[in-house]
Amino acid sequence: MGENKKILITGVAGFIGSNLADRLLKEGYSIVGVDNLSAGVIEQIPKGVEFHKLDIRSIEIFPLFSGVDVVFHLAAKNCIEDCQQDPVETADINVRGTANVFEASRRAKVRKVIDFESSAVYEGITKFPTSESEVSPQSFYAVSKICANLFAKKYGEFHGVTSVGIRPFSVYGPRQDYRRTIPPSMPAFAIKLLKEEQPIIFGDGSKRRDFIYVEDLNDFMLLCINDSRVDGKVFNLGSGTNNSVLEVYHLVKDILKSSVEPTFKPNLSGEAQITLADISAAKALGWAPKTKIEDGVKILVDFLKKEKELGRL
Ligand SMILES: NC(=O)c1ccc[n+]([C@@H]2O[C@H](COP(=O)([O-])OP(=O)(O)OC[C@H]3O[C@@H](n4cnc5c(N)ncnc54)[C@H](O)[C@@H]3O)[C@@H](O)[C@H]2O)c1
């Protein structure tokens with residue numbers, strides 16, 4: 001249990017940050033949360049989080065790091081299409097913002113920073129499953145994540161800040177962002193079908209994604225807090241299997257007992273055809289993904305049904 005240790009989460013109002021905060025509060029940690037609410041939603045920050053509406057690029061975040069044991073750095077500009085349109089802001093938030101979080105952590109002598117990168121760093125790779133050593137960023141988003149990773153490494157080398165890099169594949173679950181310019185496929189399909197509208201599939205539906213349920217990701221986050229074997233390393237977090245977009249569509253459609261067929265639009269530029277994580281490094285530490293995709297999608301769909309009933313969709 002958390003023994004009341006203080007943990008700081010950047011991006012706490014977002015999809016993964018809010019789920020992580022929930023889990024860590026249950027484990028007995030006390031949580032300080034930072035978010036500028038540019039994409040996150042205040043209502044989804046769990047009760048019990050000491051929340052500060054601040055930008056990670058500001059020096060105003062520095063005092064919050066005092067007495068913090070571990071930092072989870074999740075805040076980022078992370079919609080690939082938005083990042084392509086605004087590379088300068090992408091660099092500013094994802095690179096300078098990350099450097100600022102590491103600087104605050106250095107000054108406050110934080111024990112460990114768990115830094116969220118992305119499987120997007122493998123965009124140009126055609127070797128599957130993909131291990132952590134195979135990096136080929138193509139988009140501005142992926143490039144910003146690799147730059148941030150280099151800053152993390154250098155903060156370790158020059159200033160002794162211990163960090164762990166996390167490369168999640170396609171994370172899904174309750175609160176998954178559906179307000180983006182182009183929402184992730186699972187919530188996008190469910191919302192359209194709940195509204196009895198036709199969902200859009202970009203491409204022919206054959207693209208395959210390695211999906212990981214958010215609580216499986218959280219299991220590894222808990223391990224990272226106290227296990228020193230992760231220090232200074234980078235970990236893929238996926239399920240180690242993948243599903244086509246069309247398979248996901250049919251899963252959602254069957255859960256909702258819908259008969260609506262999708263429309264197909266041209267592929268979005270720069271999207272990888274396949275993602276598949278080599279998760280042997282994380283598994284070697286005793287972690288394993290537990291949630292079957294059928295069960296995880298059902299939880300997400302039930303969450304969105306409730307959101308619709310509450311008039312939030
Ligand atoms: N969701 C996925 O499948 C996935 C996959 C790979 C990597 N990631 C990474 O995981 C992290 C969390 O992703 P998510 O899906 O929860 O995204 P999200 O957009 O739901 O959450 C990100 C949060 O960061 C906040 N934020 C953005 N810019 C900020 C700034 N300048 N200052 C303070 N707060 C700011 C947003 O308001 C938002 O609440 C990100 O770093 C993302 O790149 C996510």
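## A walk through the predicted model

S18 sits in helix α1. Helices here are DSSP runs of H or I with at least four residues, strands are runs of E with at least two, and both are numbered from the N terminus. This is a predicted model, in which local features need pLDDT of at least 70, side-chain atom pairs count only at pLDDT 80 or more, and totals for chains, interfaces and linings use all residues. Residues are numbered from 1 along each chain as its sequence is written, and side-chain values use heavy atoms, with hydrogens and water left out.

Is S18 buried or exposed? S18 counts as buried because its relative accessibility is 0%. Buried means under 20% relative accessible area, exposed means over 50%, and partly exposed lies in between (1.4 Å probe, protein chains only). The side chain of S18 also has a partner. A polar contact of 3.2 Å joins it to the side chain of R175. Such a contact is a pair of N or O atoms within 3.5 Å; within protein, one must be able to donate a hydrogen and the other to accept it, and residues adjacent in sequence count only if both atoms are side-chain atoms.

V12 is placed in the loop between β1 (6–10) and α1. V12 is buried because its relative accessible area is 0%. V12 and I225 are 213 residues apart in sequence, yet their C-alpha atoms are 17 Å apart in space.

Now turn to the ligand. It is surrounded by 29 residues, and the closest are I16, D35, L74, N78 and Y141. A residue is near a molecule if one of its heavy atoms lies within 4 Å of it. A backbone N or O atom of L74 lies 2.8 Å from a ligand oxygen. For V171 the distance to a ligand oxygen is 2.9 Å, and for G14 it is 3.2 Å. The protein covers 95% of the 830 Å² of accessible area that the ligand has on its own. Accessible areas come from the Shrake-Rupley method with a 1.4 Å probe; for residues, only the protein chains shown count as cover.

Which elements give two or more residues to the shell around the ligand? They are α1 (15–26), α4 (140–159) and β7 (170–172). By class, this shell has 16 nonpolar, eight polar and five charged residues. Ala, Val, Leu, Ile, Met, Phe, Trp, Tyr, Cys and Pro count as nonpolar, Asp, Glu, Lys and Arg as charged, and the others, Gly among them, as polar.

A search of the whole structure finds one cavity of 30 Å³ or more. A cavity is a set of points, on a 1 Å grid over the protein atoms alone, where a 1.4 Å probe fits but cannot get out; lining residues have an atom within 4 Å of a point. The largest cavity holds about 70 Å³ of space. Grid points are joined across faces, edges and corners, and a volume is the space filled by probe spheres set on the points. The lining includes H73, L74, N94, D115 and K145. Its largest share, three residues, comes from α4.

Methods: On a 1 Å grid over the protein atoms alone, a cavity is a set of points where a 1.4 Å probe fits but cannot get out, and a pocket is an open set with protein on both sides within 12 Å along at least five of seven lines; lining residues have an atom within 4 Å of a point.
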